[in-house]
Amino acid sequence: MELTLVHLYPDLLNIYGDQGNVAALNYRCAQRGIKLKLKNLGAGEVLVAGSFDLIFGGGGQDSQQASVSRYLPGQSAVLKQAARRGVPMLTICGSYQLFGRYFKPFTGPMLKGIGIFPAYTVASKTRKIGNIVITTSLGKLVGFENHSGNTFLDQPGLALGRVMAGNGNNGTDQTEGCRVNNVFGCYLHGSLLPKNPPLADYLITTALELKYRRQINLRPLDDRLEWQAHQTAVKICLKSGWRNW
Amino acid sequence: MLISLIISKFIAGFGGTALPGLIGLRLTPTLINQIVKKNKLASVVVTGTNGKTTTSRLLGAVLTESKINFCHNRSGSNLLRGIATALINQSNWLGKIKSKLAICEVDEAAAPAAIRALKPKIIVFTNISRDQLDRYGEVDHLLKLWQKSLDTLPSASRVLVNAADRRLKILKHPRLTYFGSSLPGAGLKYPPRYGGKFNQDSLWAIEAVCRHLDLDPKLAAVCAQKTKAAFGRGEVFKLDGQKYQINLVKNPASFKAVWQMLADRRHLNQPFMLALNDKLADGTDVSWIWDVPFTGLGRRRKPIIVTGTRASDLALRLKYAGCNPKNLFVEPKIYPALAALRKIPGTIKYILPTYTALLELRQSLGKQAWN
């Protein structure tokens, strides 16, 4: 079997450890004999409909995010159609914000998003930094958040998870991230996928099922190190308590 | 100022590294600037993400060799309070300082305030890269703050910038010059026993500083041969008759440089202990390890000891870089990890710790191992 992963604007969005998510998908596919073809979508390039089975987007600095907001809306139709079909996508931090309707930075003009997530983001003065644990339908997810943007969902029910410790979308309503169909958005760096294997495997399984039109049961892997890292991070986070300052 | 000075000098009498400076600055926020003015103290500020300690140390050696009296802040006390402490310790009760020159190794986020307070004669920018996003924020933002502080400099000040770092090209100043490999006259090599790209950059930086202090630039290379590596920066020591080298790794750029040095020496199959802590001084976000290109691990047969509060994150990173998990020995506690490293045979054993892991390691090893 074979999958094509498109990494959105890696030259612009590549903050601390985004590459780890790609590495995790790659490793977990390779272990099961699945070939993962990696394509980078560069600035100004066109995303062709049907040319991908998986999408990943990371975070970036303010100026780079502004550049992405110039290129991304051009790909909006293709991404939205794929989202409706159930194509799995993972967007983190900067790209999560731009998959919402808009991001209003502290200075400068509003950045237009593509509105796959019924959400918007406004920059705030307090940066939300620290370890974060959330509960989701895929179990606990653990990561590290570092964002000044406050994201608000039109309906809290669309959240990816509930914050156990940390700040989440906006530090007030205890929601974190957003999920629409198989499109995931969140603030969890860390990197997220290596130490949250169920999410990584969910993305791979869904992509395969959509492409090969049959049920897929991935072979379990020896994930002892993955879970050790997961549990250590959860422990550190819960120990430092609610609101990680 | 006098009262603050007396109080903080009194506190300094009880020891402590940054406390006198902290209290002095609380009482008189302009304390540093006042001492500088009173003594017409010229200073050389060294800042950047990596290479600050090695560069300042080499400059110290050059000044000692030239018999120039100077003061400097201790490594690890590179915030404003550390600089204030160094000046307080040097001054008498009236705020008079004997030396006419100060070397200030300054944390990159503290640099703008330090530059404003010190009005330095020379500023050296070693490099800039992502380091502890949780503490320093984004690189672009930091560069803007640096530029703003450069705009407040006296016109006689010199700004020396590493030519090898393209991101630094954004810095502007009327008396800005570049140092580094791409420039004429840069042919001197750092002694190989140090290794690592940042050390070579330090040598070029100090050659440039020498030119502006009317000292012979050749002194930089001469002193580099004689100076011992700074604590944990490529330092070599012996334990039970075996050779060890410690290289501090604190961000993707420094880890990459050290890894490259190991690859160049063909030492990627020697015994390693990698230590990753996530305390405040290390940065509480460990995502950065995923940006380090760990090459050559697929062929490794010897175990790697992985330790520190986030040992399991680092072990996972190494696994995904191609290291056989059977070769990964995870022991979060540093002392037992070190004991395990001692048992693995090899020509030279490498220890690559983050900052607070380095401090713990020093305690574990005890002083005798160091000399």
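Which residue in E3(B) does B:Val46 stand opposite? Hold on to that one for a minute, everyone.

A quick word on ground rules. This is a predicted model, in which local features need pLDDT of at least 70 and side-chain atom pairs count only at pLDDT 80 or more, while totals for chains, interfaces and linings use all residues. Residues are numbered from 1 along each chain as its sequence is written, and chains are lettered from A and ligands numbered from 1 in the order in which they are written.

Let's start with chain B. Its open sheet has six strands, in the order E2-E3-E1-E4-E5-E6, with parallel pairing. Strands here are DSSP runs of E with at least two residues, helices are runs of H or I with at least four, and both are numbered from the N terminus; two strands pair if DSSP finds at least two bridges between them. At the edges stand E2 (70-72) and E6 (176-179) of chain B, each with a single partner strand, so one side of each has no neighbour in the sheet. From one strand to the next, the twist averages 20 degrees.

Now back to my question. Strand E1 (residues 42-47) and strand E3 (residues 101-106) of chain B run parallel, joined by six bridges, and B:Val46 stands opposite B:Glu105. Helix H4 (residues 52-65) of chain B packs on this sheet, touching E1, E2, E3 and E4, and its direction makes about 165 degrees with that of E3(B). Helix H6 (residues 111-118) of chain B packs on the sheet too, at about 170 degrees to E1(B). Contact means C-beta atoms, placed from the backbone, within 7 Å; angles run from 0 to 180 degrees between N-to-C directions, with axes fitted to C-alpha atoms, for helices over the stretch in contact.

Over to chain A, where UniProt, in an unreviewed entry, lists A:Cys93 and A:His189 under "active site". Those positions are in the numbering used here, with shortened feature names, and annotations may be inferred rather than shown by experiment. The two residues are spread over 97 residues of sequence, yet they cluster in space, with a largest C-alpha distance of 8.0 Å.

Are they buried or exposed? A:Cys93 is buried, with 25 other C-beta atoms within 10 Å, and A:His189 is buried with 28. The cut-offs are 20 or more for buried, 12 or fewer for exposed, and partly exposed in between.

One last thing to look at: leaving aside residues up to four places away in sequence, A:His189 touches several residues, among them A:Cys93, B:Asp285 and B:Ser287.

Technical notes
Two residues are in contact if their C-beta atoms, placed from the backbone, lie within 7 Å.
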